[in-house]
Every structure is written in C-alpha cells, then in structure tokens.
Amino acid sequence: MSGTVIITGAAQGIGAAIAEKLAKNGMNIAINCINEAQVESNGNQLAQKLRGYGVEAECFIADVSDFEQCRIMVDAVKERFGTIDGLVNNAGITRDGLLVRMSEEAYDSVIAVNQKSVYNMMKLVSAIMIKQRSGKIVSLSSVAGVHGNPGQFNYSASKAAIIGMTKSAAKELGSRGINVNAVAPGFIETPMTDKLTEDQKQAILSAVAMKRYGKAEEVANVVAFLMSDEASYVTGQVIEISGGLSM
Ligand code: NAD
C-alpha cells in the first residue's frame, strides 16, 4: 500500500517498528509523539532513519487522549501530505494493580489514553477516508483485552473496548472501502514490558507455546499485512500475535 499513514505513539517500541516496516513498504509516515521532548529524544532520529528508505516522514505532537489535539494533528498531517490512507492506533499505557487497590485516577488515565484515543483518531481519520472511499485502520488491542489478566483491570477494559470499536467501525465503514482490524499481541519485548518483574515474566513465558517473548518487528509484520492490499478482504478481525499464549 502506498500513501500516508499516521501511527500514534510511534517514537519507540512497537510503534517505531511499525513505522519502519511501513516505510520500507513505501508509505509516508506521520510519527505521532506525545510532546516536544519525545520528538527530540526519539522522533527526529526515527524520522531521519525512515527518510533513508526513500519516503517522507515527520513528527506531529499530540496527546491522543485529547480530541482537540488530535483534530489539530490530523489537520496538519492532511495539510502536509495531502491524503491520509492509513491509521495505526498504537499509543498505550499501563497502570497495573489489583482491582481492590486501583485508584479512580489509574482507571481513568488508562481508559483515556488507550480507549478514548481510538475514538478520537478513528472519528477524525475515517471522515477523510470516507471522502476518499478507501483506507486502512489497525488498532493495537492485547491478549489482556481478549482473555483478561489479573492486575490489568483497567488495561483489559481498554483493550477489550478496542475490539468492540474495531468491529463496529468495520461494519459502518466496510461499504466505503475502509478496512478496520485489530491485533492482539501477547508478551512483546519493549519499554512497556521492561517494567514487569522477573516472576511476572516467567509466569507469562511458561504459558507461551513458543517459549519465547515476541519482538516488536513480529507485531509490525502482521500490522503491515493488514495495511496492505493483500488484506483487502479482511475486516473486523482481531489477530493474536502471542506465540500461542492462548488458542
Ligand atoms: P511503549 O510504552 O514502548 O510505547 C507506547 C508509546 O505510546 C510511547 O511512545 C508513548 O509515549 C506513547 N503514548 C503514551 N501515551 C500517549 C498519549 N497520551 N499520546 C500520544 N502518545 C502516547 O509500549 P509498546 O510495548 O510499544 O506498546 C505499543 C502498543 O502495543 C500499546 O497500545 C500497547 O498496549 C500494545 N501492546 C503491547 C504489548 C507488549 O507486550 N509490549 C502487548 C500487547 C499490546
């Protein structure tokens, strides 16, 4: 697929791997960063690397939990690149803890970043895609959203919501030539999972059929497939990328 894709939270981890894969496939990349500090620490360097693949790449600052900041970013990307052909809802956070001890603030912040952001971005970008009568949207859910996970009540809620949003949007937008899918990674080695304790990591690993953690590139490969014309008849689906954590 050619054209331009916005990837939220693209400065590091899985988002950066998706950006690199899609740039290699010839897409221009709008790298969403949360703030100026992230543009300077990671974003600019990533953009430069992506331009090395012969595509255009630029950083756009927005806290994707905020609708108005998303609106300004989407307008700026459209102005800069002319079209928006793809959206990857990747930005996400964890604020883990057992339900009985989970503060309202920890619940609300995870829902705002992981779930509300998907409403913000899908609403704004799908309006552009409807006019174009084409587009591809992929969102990052999680095995925690499909199966639940102790200590991740808020995170599981947000990732389960993404599945409902994906299926509803797929049904609304399918007749307009827009594919909407989700991926549900298992345990992928990134800055997000660095925070887990050794005991937590071992417990997860024992349940993984392939007996190893996943790499960000392995998630990026599946996202790139869903963003490609090879997946033109795939919509409303949730693909697990978990090394057989659950089946
Ligand atoms: P990460 O922490 O390395 O990257 C997350 C990115 O999102 C960061 O760049 C961060 O700055 C950005 N972000 C956070 N809040 C934001 C906001 N309000 N506005 C804009 N950007 C914001 O994590 P990762 O492991 O690369 O995760 C990427 C996605 O994959 C997340 O949605 C995560 O829930 C999902 N996921 C990860 C795993 C895993 O094992 N790593 C498993 C399943 C799902």
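Which residues lie nearest the centre of the largest pocket? They are Thr94, Tyr155, Thr190, Met192 and Thr193, among 50 residues that line the largest pocket. This is a predicted model. The ligand takes up the space of the largest pocket. A second pocket and one cavity are also described here.

**The largest pocket**

- The largest pocket holds about 1,200 Å³ of space.
- Several elements give two or more residues to its lining: helix 1, strand 2 (28–33), helix 5 (143–147), helix 6, helix 7 and helix 8 (198–207).
- The lining of the largest pocket divides into 23 nonpolar, 23 polar and 4 charged residues.

**The ligand and its shell**

- The shell around the ligand counts 28 residues.
- Ile14, Asn90, Tyr155, Ile188 and Thr190 come nearest to the ligand.
- By class, the shell has 14 nonpolar, 12 polar and 2 charged residues.

- Tyrosine 155 places a polar side-chain atom 2.6 Å from an oxygen atom of the ligand.
- Glutamine 38 also uses its side chain, with a polar atom 2.8 Å from an oxygen atom of the ligand.
- Isoleucine 188 uses its backbone: a polar backbone atom is 2.8 Å from an oxygen atom of the ligand.
- How much of the ligand does the protein bury? Taken alone, the ligand exposes 820 Å², and the protein buries 94% of that.
- Helix 1 (13–24), helix 6 (153–173) and helix 7 (191–194) are the elements that give two or more residues to the shell around the ligand.
- Helix 7 gives the largest share of that shell, with 3 residues.

**The second largest pocket**

- The second largest pocket has a volume of about 160 Å³.
- Its lining is made of Val118, Tyr119, Met122, Lys123, Ser126, Met165, Ser168, Ala169, Glu172 and Leu173.
- Helix 4 (104–132) and helix 6 are the elements that give two or more residues to this lining.
- The lining has 6 nonpolar, 2 polar and 2 charged residues.

**The cavity**

- Rolling a probe the size of a water molecule over the atoms shows where empty space is left.
- How many cavities of 30 Å³ or more does the count give? The count comes to 1.
- The volume of the largest cavity is about 40 Å³.
- Met1, Leu22, Asn25, Met27, Ala224, Met227 and Ser228 line the largest cavity.
- This lining has 5 nonpolar and 2 polar residues, and no charged residues.

- Most residues other than glycine have a negative phi.
- Arginine 133 is not a glycine, yet its phi is positive, at about 60°.
- Arginine 133 sits in the loop between helix 4 and strand 5 (135–140).
- Lysine 211 is not a glycine either, and has a positive phi of about 55°.
- Lysine 211 lies in the loop between helix 8 and helix 9 (216–227).

Terms used. Residues are numbered from 1 along each chain as its sequence is written. This is a predicted model: local features need pLDDT of at least 70, side-chain atom pairs count only at pLDDT 80 or more; totals for chains, interfaces and linings use all residues. Side-chain values use heavy atoms; hydrogens and water are left out. On a 1 Å grid over the protein atoms alone, a cavity is a set of points where a 1.4 Å probe fits but cannot get out, and a pocket is an open set with protein on both sides within 12 Å along at least five of seven lines; lining residues have an atom within 4 Å of a point. Grid points are joined across faces, edges and corners, and a volume is the space filled by probe spheres set on the points. Ala, Val, Leu, Ile, Met, Phe, Trp, Tyr, Cys and Pro count as nonpolar, Asp, Glu, Lys and Arg as charged, and the others, Gly among them, as polar. A residue is near a molecule or strand if one of its heavy atoms lies within 4 Å of it. A polar contact is a pair of N or O atoms within 3.5 Å; within protein, one must be able to donate a hydrogen and the other to accept it, and residues adjacent in sequence count only if both atoms are side-chain atoms. Accessible areas come from the Shrake-Rupley method with a 1.4 Å probe; for residues, only the protein chains shown count as cover. A molecule sits in a cavity or pocket if more than half of its atoms lie within 2 Å of its grid points. Helices (H or I, at least four residues) and strands (E, at least two) are DSSP runs, numbered from the N terminus.
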